[in-house]
Amino acid sequence: MNADVGFWILQSLNALQLSMLLFLLSIGLTVIFGLMHFVNLAHGSLYAVGAYVAAAIATGWGYWAGFFLAPVAVAATGIVLYLGLIRKMRRSGPMAQVLVTFGLIFVLLDLTRILWGDLPLAIETPALLQGRINILGIDYPAYRLFVIVLGLAIFAALAFILGRTQVGAMIRAGVDNDAMAACLGINVERLFFTVFCIGCALAGLAGAVAAPLLSVAPDMGLQILIPTLIVIVIGGLGSLKGAIAGSLIYGIVQTFGAVIAPQMASVLIYALLAAVLVIRPMGLFPTKG
Amino acid sequence: MLETRNLSKSFGPIHVTRDVSIRLERGERRVILGPNGAGKTTLFNLLAGVLQADSGQVLLAGKDITALPVARRARRGISRSYQKNTLFDGLSVRENLGLAAAVQAGQARRLFHDSLSHPKVRETVEEVAHLARLEQVLDARVNEVSYGIRRQLEVGVALATRPQVLLMDEPTSGVGPEMAAGFHDLLSGLPRDLTLLIIEHDMDLAFEVADKITVLNYGEVVFEGLPEAARGSDLLKEIYLGSWENA
Amino acid sequence: MFRHTTFRYLVLAILGAGALFQAFSAGYFGLEVLIEILILAILVLALDMVAGFGGMVSLCHGALMGLGAYAYAMLSSIVGLPPLAALVGAMAIVGALAWIIGAICARSHGIYFIMATLAFGQMAYSYIFQTPIFGGDDGMGGITRPDLSAIGIDLNDSRSFALFCLAGLVLAYLAAVAVLRSGLGRSLCGIHHSEERMRALGLTVWRVKADIFGLSGLITGFAGALAAMHVMYISPGLLDWTVSGEALVVVILGGLGTLVGPLVGAVAFVILKHELSAVTPYWHLVVGVVLIVVVLSRANGIFGWLEARIGARRIFPTHAAVKKVPNDA
């Protein structure tokens, strides 16, 4: 009985850890969409770039250097993309955006292959977070716990920024109605740019965090893209609440699905997505405008 | 023919339609007047089914159609033309009319057969082209004809569904005075058993074609009566003509 | 609304002649490339029907094609139907599934439609991947081609099979044109232009969308069955969403909503892929850059660009020829 309870606690923590990783990715993507109405399919590729940068830096200067520099490097990549490509695509329809960023996936995929080769890289968990911590009566890997805490911390920080600060109010105004926001004297263009960079930095952070958990391989961006898209579509494009709700739903369905009904686990999440789209075509927490 | 009972609709705190009860007899020509924001187009959307009323009923030929979606109401015989043209630009005038006629003739989902060559569709197209005075331009592309012709086609497309009730949202919007006079002839030429509900800004035209006039203000019916009575009404002058002249 | 122009006939003639020439002159490898082009061409034809003419940008057509391949394999190998019956069965199954997907997604638009179709495609992928009867990750082998020896054709010969696929493409093209010029096709164009207006005219919009999606699925299932016959082996990779993405890329490279353009796109894409992968393992990089450039150029793909150029030359005589349209009411 006791072992049984421990098993479910373990699965719950695993679900939470997966949710937090997805949250780091989906929050950037969803706010970029909400604010700019821009669909960036290459968001997953930015995450892969983050993982590679973190892995490359970690081999020389240790994990923490990679952890802090990967978001910076990915934000820099984001700036290049924004100035060179995405700014021009803002007024195009979703079709053109999907295609251009799909092309970008190809480009980034092969660039990482050229720079780092086809073989997966492994990266050590940092010394500080090795070992296991006893929590709720079970031993849980310290690093995974760190991912959960980090995710929750970022969620709290973003909720504070979006809910309580001037910048947050500007972003919310922009999500609701960007023309109106411009009328209120908000520099919408600069706001977009900032949000885009932060979204990219968070994707890079997610890559750095995921690197020790998964093997760092060229197709990891493609692998994570679909779950991320599912999260934001279930949650409702453009919504912070939706991103956290979608992440939790995905993490729970995926983790417990694999335990309870391994046959149907991955079909389950797609069926759920389809059901959400049929019943609430704009997601669980639709944004206005 | 068309009747509403205590129709109400609000967007948040704003009542755009309040307790509207109107009743149109078969073949009646009713003009709706009212200043901008009086809820005229909202009323049309409630009648056509684009918006769902908060309360009240819409009846067509005595049958309650309040719960029916847009397409089913249209098939029951409610058609509408829009204030802004909603034409299919790349197509010819004939094809525009044909597209509408095909739906009514049950040809819109025919596979491997062109709906336009169906005799019923062709017959409707010819007839509507005559009514809407489009015979001369049937094979011209929509983006090649004048604005006035496009306004006529807008009405023509609505007619091609062979409606019992036609809702016309400012048919003369944006056309010059001499064209508006032409529209009067067009409206007079429509079959007498067709019920018309017209939103019109052109007062002369309104008084000429209307059997009866309904005035809306802040979503409420504030006047209903014969055009002669409307002309002399102080109330109408106050709320409608006042804001009309200011506009 | 689809129309044939002299230029379109000309391009079709060139493509047809090129395919025939290749079919009779090429060696084994050349024939393999030709077959690949022909099957991809059928797929993108089906995709252009929904995406180009109906605005339904589907990211599940790759999965539908994969389902067609699996349906053919299951019906012929496990159920034991004769190959031609299995081919028809596979088309029917995929057509029906596509109709259901189309009906469910009909209410979604823009990015939501793309995501919804992606979800259904991935659902099919996961289902095939995880169900043991389909061979899981390992896939299935031993798929047979139809036996046409009664009329003296041996489809196990690459040349005959290439011609079989070419005949299939011609049929698929004619079917797509017939559908787009039918009452249903006209209604679809109307919906693409203004869904609201068509609804106000009394059209049940979702039925039209579902019907077209189903018909497109029928053609996609055909392409899938041909793909299974071609490699005689199938694996879940056929249903991967990147296949749908690539199909969309081909449609865009060729020219959305032109039907002929995607055929040009299929030729360009397969040849580009083979030429580049012979030179560099990073051919995706080049395809990605080409795609970005094409979309940014705002031309409607290779074919669309050519068509616009030719149209621009003719514009003077046609403009002068436009009759002055009477203005009176």
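Me: Contact here means heavy atoms within 4.5 Å of each other. By that rule, how many residues of chain C and chain A take part in the contact?

Reply: Chain C supplies 39 residues and chain A supplies 43 residues. A friendly word on the ground rules: this is a predicted model, in which local features need pLDDT of at least 70 and side-chain atom pairs count only at pLDDT 80 or more, while totals for chains, interfaces and linings use all residues. Residues are numbered from 1 along each chain as its sequence is written, chains are lettered from A and ligands numbered from 1 in the order in which they are written, and side-chain values use heavy atoms, with hydrogens and water left out.

Me: How do you know what area chain C and chain A bury between them?

Reply: Buried area is the accessible area (1.4 Å probe) that two parts lose on being put together, summed over both. For chain C and chain A that comes to about 3,700 Å², 79% of it on carbon and sulfur atoms. The elements of chain C giving two or more residues to the side that touches chain A are α5 (110–130), α10 (241–254) and α12 (283–297). The largest share, 14 residues, comes from α5(C).

Me: What makes a residue on that side of chain C nonpolar, polar or charged, and how do the residues divide?

Reply: Ala, Val, Leu, Ile, Met, Phe, Trp, Tyr, Cys and Pro count as nonpolar, Asp, Glu, Lys and Arg as charged, and the others, Gly among them, as polar. Sorted that way, the side of chain C that touches chain A holds 28 nonpolar, eight polar and three charged residues.

Me: Why is the pair Asp211(C) and Arg109(B) called a salt bridge?

Reply: A salt bridge needs a side-chain nitrogen of Lys or Arg within 4 Å of a carboxyl oxygen of Asp or Glu. Here the side chains of Asp211(C) and Arg109(B) come to 2.6 Å, N to O, so the pair meets the rule. The count between chain C and chain B is five salt bridges. Across the interface of chain C and chain A, the rule finds zero.

Me: What makes a pair a polar contact, and how many residue pairs qualify across the interface of chain C and chain B?

Reply: A polar contact is a pair of N or O atoms within 3.5 Å; within protein, one must be able to donate a hydrogen and the other to accept it, and residues adjacent in sequence count only if both atoms are side-chain atoms. Across the interface of chain C and chain B, 14 residue pairs pass, both residues at pLDDT 80 or more. On the side of chain C that touches chain B, the elements with two or more residues are α6 (158–181), α7 (183–193), α8 (195–200) and α9 (205–231). Of these, α7(C) gives the largest share, six residues. That side divides into 15 nonpolar, nine polar and nine charged residues. The contact as a whole takes 33 residues from chain C and 42 residues from chain B, and about 3,000 Å² is buried, 61% of it on carbon and sulfur atoms.

Me: How do you know where the domains of chain B lie?

Reply: Domain bounds come from an automatic or database domain assignment. For chain B this gives domain 1 (1–77 + 163–247) and domain 2 (88–162). Their C-alpha centres lie 25 Å apart. The contact takes 18 residues from domain 1 and twelve residues from domain 2. The two domains bury about 1,200 Å² between them, and carbon and sulfur atoms give 71% of that. Pro163(B), Leu166(B) and Leu186(B) supply 39% of the area that domain 1 buries against domain 2, more than any other three residues.

Me: Why are β1(B) and β5(B) called paired strands?

Reply: Strands are DSSP runs (E, at least two residues), as helices are (H or I, at least four), numbered from the N terminus. Two strands pair if DSSP finds at least two bridges between them. Five bridges join β1(B) (residues 2–11) to β5(B) (residues 55–60), which run antiparallel, so they pass. In β5(B), the bridge partner of Thr4(B) is Val58(B).

Me: Which strand forms a hairpin with β1(B)?

Reply: That is β2(B), with two residues between the strands; Gly12(B) in the turn has a positive phi of about 60°. Four bridges join β1(B) to β2(B) (residues 14–20) in an antiparallel arrangement, and Ser10(B) stands opposite His15(B).
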